[in-house]
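Visitor: I am new to this structure. Please show me how to read it, feature by feature.

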Amino acid sequence: MTREEKSIAIEDLTAQLAGTNIIYVSDISGLNAETTSSLRRACFKAGIKLEVVKNTLLAKAMEASANDYGDLPSVLTGNSAIFISDVANAPGKIIKDFRKKSAKPVLKGAYINSEIYIGDDQLDALATIKSKEELLGELIGLLQSPAQRIISALQNKFAGEESEAATEEA
């Protein structure tokens, strides 16, 4: 790879990193072609971009980025692939699902909304992070709960009054 090609690759990676707040770094080495294709298909269906990257280029892109990746560049050893997503838990769920069948992919680290997660032991926590939509749904449910109780109580009161009136007329 020429110096110019490396420069272009770093610029592209920097632009990708700037466009997202959710990045997982993993090791997918050792996966056969069929499993790798299956992983790519699953990522595509979930709206996740999966890309195998050179560690030095990714480290330079992280350095050039406006985001603070903390210790995340320290995990860039061996083979690395990045998962770029709009949903915080989606890559974690895919990695966890694939781990049921084989030992790979291994999570090296993740950057999620300015938080840094290092190590494969973080996978369970990352897979259970609630998405923005799930949190909004819970919040709306909590806000609606008192109003629903009031409406239900009023309906029961009026239903009780109507049945009393019907009994008195009979």
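This is a predicted model: local features need pLDDT of at least 70, side-chain atom pairs count only at pLDDT 80 or more; totals for chains, interfaces and linings use all residues.

Visitor: Now the pocket. What is the volume of the largest pocket?

Guide: The volume is about 270 Å³. The lining of this largest pocket is made of 15 residues.

Visitor: Which residues lie nearest its centre?

Guide: Look for Ile 22, Asp 86, Ala 88, Asn 113 and Lys 132.

Visitor: How do the residues of the lining divide into nonpolar, polar and charged?

Guide: The lining of the largest pocket has 6 nonpolar, 5 polar and 4 charged residues.

Visitor: Which helix gives the most to the lining?

Guide: Helix α6 (residues 132-169) does, with 3 residues. Now bring the domains back in. Domain 1 (3-129) and domain 2 (131-169) each supply at least three residues of the lining.

Visitor: Next, the backbone. What should I know about phi and peptide bonds in general?

Guide: Most residues other than glycine have a negative phi, and most peptide bonds are trans.

Visitor: Which residues does a cis peptide bond join here?

Guide: Lys 104 and Pro 105 are joined that way, with omega at about 0°. Find Pro 105 in the loop between α4 (90-98) and β4 (106-112).

Visitor: And phi? What is the value for Asn 113?

Guide: Asn 113 has a positive phi of about 50°, although it is not a glycine. Asn 113 sits in the loop between β4 and β5 (115-118).

Visitor: What is the phi of Ser 114?

Guide: Ser 114 also has a positive phi, of about 75°, and is not a glycine. Ser 114 belongs to the loop between β4 and β5.

Visitor: Are these two residues buried or exposed?

Guide: Asn 113 is partly exposed, because its relative accessible area is 47%. Ser 114 has 54% relative accessibility, so it counts as exposed. The cut-off for exposed is over 50%.

Visitor: How many salt bridges does the structure hold?

Guide: The structure holds 5 salt bridges. We will take some of them in turn. One joins the side chains of Glu 51 and Lys 49, at 3.6 Å from N to O. Glu 51 is partly exposed, with a relative accessible area of 23%. Lys 49 is partly exposed too, at 40%.

Visitor: What does Lys 100 form with Asp 97?

Guide: Lys 100 forms a salt bridge with Asp 97, and their closest N and O atoms are 3.9 Å apart. Lys 100 is exposed, at 69% relative accessible area. Asp 97 counts as partly exposed, at 35%.

Visitor: Where do Asp 120 and Arg 99 lie?

Guide: Begin with the contact itself. The side chains of Asp 120 and Arg 99 meet in a salt bridge of 2.7 Å, N to O. This pair links distant parts of the chain, 21 residues apart. Asp 120 is in the loop between β5 and α5 (123-127), while Arg 99 is in the loop between α4 and β4. Asp 120 counts as partly exposed, at 27%. Arg 99 does as well, at 28%.

Visitor: Last, the helix. Which residues are buried in α4?

Guide: They are Ala 90, Pro 91, Gly 92, Ile 94, Ile 95 and Phe 98. The buried residues of α4 pack against β1 (22-27), α2 (33-45), β3 (80-84), β4 and α5.

Visitor: How many residues apart in sequence are Ile 129 and Gly 92?

Guide: They are 37 residues apart in sequence, and 8.9 Å apart in space, C-alpha to C-alpha. Ile 129 lies in the loop between α5 and α6. Ile 129 is partly exposed, with a relative accessible area of 22%.

Visitor: Which residues does Ile 129 touch?

Guide: Leave out residues up to four places away in sequence. Ile 129 then touches Ala 88, Asn 89, Ile 112, Tyr 117 and Glu 134.

Technical notes. Residues are numbered from 1 along each chain as its sequence is written. Side-chain values use heavy atoms; hydrogens and water are left out. On a 1 Å grid over the protein atoms alone, a cavity is a set of points where a 1.4 Å probe fits but cannot get out, and a pocket is an open set with protein on both sides within 12 Å along at least five of seven lines; lining residues have an atom within 4 Å of a point. Grid points are joined across faces, edges and corners, and a volume is the space filled by probe spheres set on the points. Helices (H or I, at least four residues) and strands (E, at least two) are DSSP runs, numbered from the N terminus. Ala, Val, Leu, Ile, Met, Phe, Trp, Tyr, Cys and Pro count as nonpolar, Asp, Glu, Lys and Arg as charged, and the others, Gly among them, as polar. Domain bounds come from an automatic or database domain assignment. Buried means under 20% relative accessible area, exposed over 50%, partly exposed in between (1.4 Å probe, protein chains only). A salt bridge is a side-chain nitrogen of Lys or Arg within 4 Å of a carboxyl oxygen of Asp or Glu. Contact means heavy atoms within 4.5 Å.
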